[in-house]
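This briefing goes through one protein model by topic: a helix residue, the sheets, the nonpolar cores and the salt bridges.

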Amino acid sequence: MKILITGYGKMGHMVEEMARQKGWEILAALSSSDAGELQTLEKADVAVDFSHPAMLEPLAAYIRRTGTPLVSGTTGYSEEQMDSLRQLGESAAILYSANYSLGVALFRQILEKFGPALLANFDVELVEKHHNQKMDAPSGTAKMLANALDPEQQLRRISGREGLCGARGRDEMGMFAVRGGTVAGEHTLYFFGEDETLSITHSAASRRIFAAGAVKAAALMTGKSPGFYSLDDILFSPVISTERMG
């Protein structure tokens with residue numbers, strides 16, 4: 001199988017390593033400065049993208065031209081760019097997730113299922129931690145978890161409190177970003193109730209889990225019909241729900 005890798009930083013190198021272990025051919029591994037090569041590059045069996053939002057336009061043109069399935073893990077997209085990515089599903093099979101960890105996928109499922117009960121009885125605060133080189137805040141995973149819990153965005157999402165800010169409103173969800181060192185990623189949702197506290201945490205010991213998940217997803221995306229897919233569509237379908245990521 002031929003794989004195209006766009007975004008050749010740490011994640012791109014990990015994807016390349018794992019793809020080679022599977023015996024896949026690396027058609028190309030491109031950084032943003034190499035984006036011009038996409039204009040003439042042949043069709044890959046699948047593309048895996050952990051790049052930068054600025055890479056979307058040339059990558060989208062390549063996908064439209066070739067019909068190559070895309071597994072995208074790039075974060076920091078604007079709403080307009082996300083709309084463009086969804087529209088790309090008219091030309092090819094597009095899978096987007098801000099996080100390719102199985103644990104985070106299950107985390108999101110829990111929030112979607114029990115969100116109404118949690119929001120009715122608890123104040124919610126979200127804290128995410130990442131390494132000191134991460135470019136965006138809050139993280140794409142934090143936004144994804146917040147949307148799973150509160151899909152209608154009925155809660156005001158605030159990023160800080162200072163001074164005499166008054167009592168916490170029931171219509172708030174605090175989202176706080178911590179940056180430092182080499183933390184691969186940690187997300188905790190706190191649910192504060194009357195005389196009780198519930199917290200759910202996912203910690204990544206290494207970014208390799210995200211690369212492994214993306215490579216697994218890439219294998220599953222080959223042969224898919226054009227459309228915009230979520231990780232749930234791939235992970236929790238009846239055919240593959242028992243398979244492990246990585």
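Helices here are DSSP runs of H or I with at least four residues, numbered from the N terminus. By that numbering, Arg-108 belongs to helix α4, residues 102–121. The model is a predicted one.

- Beyond its neighbours within four places in sequence, Arg-108 is in contact with Met-144, Leu-145, Ala-148, Leu-231 and Asp-232.

**The six-stranded sheet**

- At one end of the order, β5 (residues 93–96) pairs with β11 in the parallel sense over three bridges.
- Within that pairing, Ala-93 of the model stands opposite Gly-227 in β11.

- β6 and β9 run antiparallel and are joined by seven bridges.
- Lys-129 has Glu-186 in β9 as its bridge partner.
- β9 (residues 185–193) also pairs with β10 (residues 196–204), in the antiparallel sense and over nine bridges.
- In this second pairing, His-187 stands opposite His-202 in β10.
- The hairpin of β9 and β10 has two residues between the strands, and Asp-195 there takes a positive phi near 65°.

- The largest nonpolar core has 31 residues, of which Ile-3, Val-15, Val-48, Val-71, Leu-95 and Tyr-100 touch the most other members.
- At least two residues of this core come from each of β1 (2–6), α1 (10–21), β3 (46–49), β5, α6 (208–221) and α7 (231–235).
- With eight residues, α6 gives the most to this core.
- Leaving aside neighbours within four places in sequence, Val-15 is in contact with Ile-3, Ile-5, Val-48, Phe-50, Ala-211 and Val-215.
- Another core, of 24 residues, lies apart from this one; Leu-27, Tyr-62, Leu-70 and Ala-92 are among its residues.
- The buried residues in α6 include Phe-210, Ala-211, Ala-214, Val-215, Ala-218 and Met-221.
- An α-helix has 3.6 residues a turn, so residues three or four places apart point the same way.
- The 14 residues of α6 should span 20 Å at 1.5 Å a residue, and the end C-alpha atoms are 20 Å apart, which agrees.
- Gly-223 follows α6 and has a positive phi, near 85°.

**Salt bridges**

- The model has 16 salt bridges.
- Side chains of opposite charge can pair when their charged atoms come close.
- One of these salt bridges joins the side chains of Asp-123 and Arg-170, at 2.8 Å from N to O.
- Asp-123 lies in strand β6 (residues 123–130) and Arg-170 in the loop between β7 (156–158) and β8 (172–179), so this pair ties together parts that are 47 residues apart in sequence.
- Asp-123 is partly exposed at 23% relative accessibility, and Arg-170 is partly exposed at 46%.
- Arg-168 and Glu-125 also meet in a salt bridge through their side chains (2.8 Å, N to O).
- Arg-168 is in the loop between β7 and β8 and Glu-125 is in strand β6, so the parts tied together by this pair are 43 residues apart in sequence.
- Arg-168 is partly exposed at 27% relative accessibility, whereas Glu-125 is buried at 10%.
- Both pairs belong to a network of salt bridges that links Asp-123, Glu-125, Arg-156, Arg-161, Arg-168, Arg-170, Asp-171 and Glu-172.
- Lys-134 forms a salt bridge with Asp-136, with the closest N and O atoms 3.1 Å apart.
- Asp-136 is buried, at a relative accessible area of 18%.

Note on methods:
Residues are numbered from 1 along each chain as its sequence is written. This is a predicted model: local features need pLDDT of at least 70, side-chain atom pairs count only at pLDDT 80 or more; totals for chains, interfaces and linings use all residues. Side-chain values use heavy atoms; hydrogens and water are left out. Two strands pair if DSSP finds at least two bridges between them. Contact means heavy atoms within 4.5 Å. A salt bridge is a side-chain nitrogen of Lys or Arg within 4 Å of a carboxyl oxygen of Asp or Glu. Buried means under 20% relative accessible area, exposed over 50%, partly exposed in between (1.4 Å probe, protein chains only). A nonpolar core is a set of buried Ala, Val, Leu, Ile, Met, Phe, Trp, Tyr and Cys residues joined through side-chain atoms within 4.5 Å. The expected span of a helix is 1.5 Å times one less than its number of residues.
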